[in-house]
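Please look through the sequence and the structure shown here. The paragraphs that follow start from a single residue and then widen to the chain.

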Amino acid sequence: TFNSTAYPAKFADDKPTHIGHSVQLHYFCPTGVNPDTKITALINALFAAGFSYPEIQNMSDKDGQHFVLECEFIDAVN
């Protein structure tokens, strides 16, 4: 699951030349499963696709494991 927010970035002549995208990727897995391999694969895929290197938050609770990978992507305005 993911969510994202777009925002104007890198201004010139009082208008944005780029659009930034703040992205949160949510990875869920059952309690007792080792998530390290999958999280590493997600990090590598995001970074290889041009996103910033993700920050990871562990939001797990008694119902299961929940990891949030937060990163950004900047795209030029056409």
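His-66 has a relative accessibility of 17% and therefore counts as buried; buried means under 20% relative accessible area, exposed over 50%, and partly exposed in between, with a 1.4 Å probe and protein chains only. This residue lies in strand S4. Leaving aside residues up to four places away in sequence, His-66 touches His-26, Tyr-27, Phe-28, Gln-57, Asn-58, Met-59 and Ser-60, where contact means heavy atoms within 4.5 Å.

The model is predicted: local features need pLDDT of at least 70, side-chain atom pairs count only at pLDDT 80 or more, and totals for chains, interfaces and linings use all residues. Residues are numbered from 1 along each chain as its sequence is written, and side-chain values use heavy atoms, with hydrogens and water left out.

The protein chain contains 1 helix and 4 strands. Helices (H or I, at least four residues) and strands (E, at least two) are DSSP runs, numbered from the N terminus. Read from that terminus, the order of the elements is β-β-α-β-β. The radius of gyration is 15 Å, well over the 12 Å that the globule rule gives for 78 residues, so the protein chain is more spread out than a compact globule. That radius is taken over C-alpha atoms, and the globule rule is 2.2 Å times the number of residues to the power 0.38. The C-alpha trace spans about 55 × 25 × 15 Å along its principal axes.

Of the 78 residues in the protein chain, 24% count as buried. The chain exposes about 5400 Å², and carbon and sulfur atoms supply 55% of this area; accessible areas come from the Shrake-Rupley method with a 1.4 Å probe, and for residues only the protein chains shown count as cover. Among contacts between residues at least 6 apart in sequence, 46% join residues at least 24 apart.

Next come the aromatic rings. The structure has 2 aromatic pairs, counted for rings of Phe, Tyr and Trp (its six-membered ring) with centres within 6.5 Å; planes under 30 degrees apart count as stacked, over 60 as edge-to-face and the rest as tilted. Phe-47 and Tyr-53 form an edge-to-face pair, 5.5 Å centre to centre and with 75 degrees between the planes. Phe-47 is partly exposed at 47% relative accessibility, whereas Tyr-53 is exposed at 52%. The other pair is tilted, because the rings of Phe-51 and Phe-73 have their planes at 45 degrees, with centres 5.2 Å apart. This pair links distant parts of the chain: Phe-51 sits in the loop between helix H1 (36-48) and strand S3 (55-58), and Phe-73, 22 residues apart from it, in strand S4 (residues 65-76). Phe-73 is partly exposed, at 24% relative accessibility.

How many disulfides are found? The search of the whole structure gives 0, a disulfide being a pair of cysteine sulfur atoms within 2.5 Å. The sulfur of Cys-29 is 18 Å from the closest cysteine sulfur, in Cys-71, and so is too far for a bond. Cys-29 is buried at 9% relative accessibility, and Cys-71 is buried at 4%.

The structure also holds 1 salt bridge, that is, a side-chain nitrogen of Lys or Arg within 4 Å of a carboxyl oxygen of Asp or Glu. Lys-62 and Asp-63 form it, with the closest N and O atoms 3.5 Å apart. Lys-62 is exposed at 76% relative accessibility, and Asp-63 is exposed at 64%.
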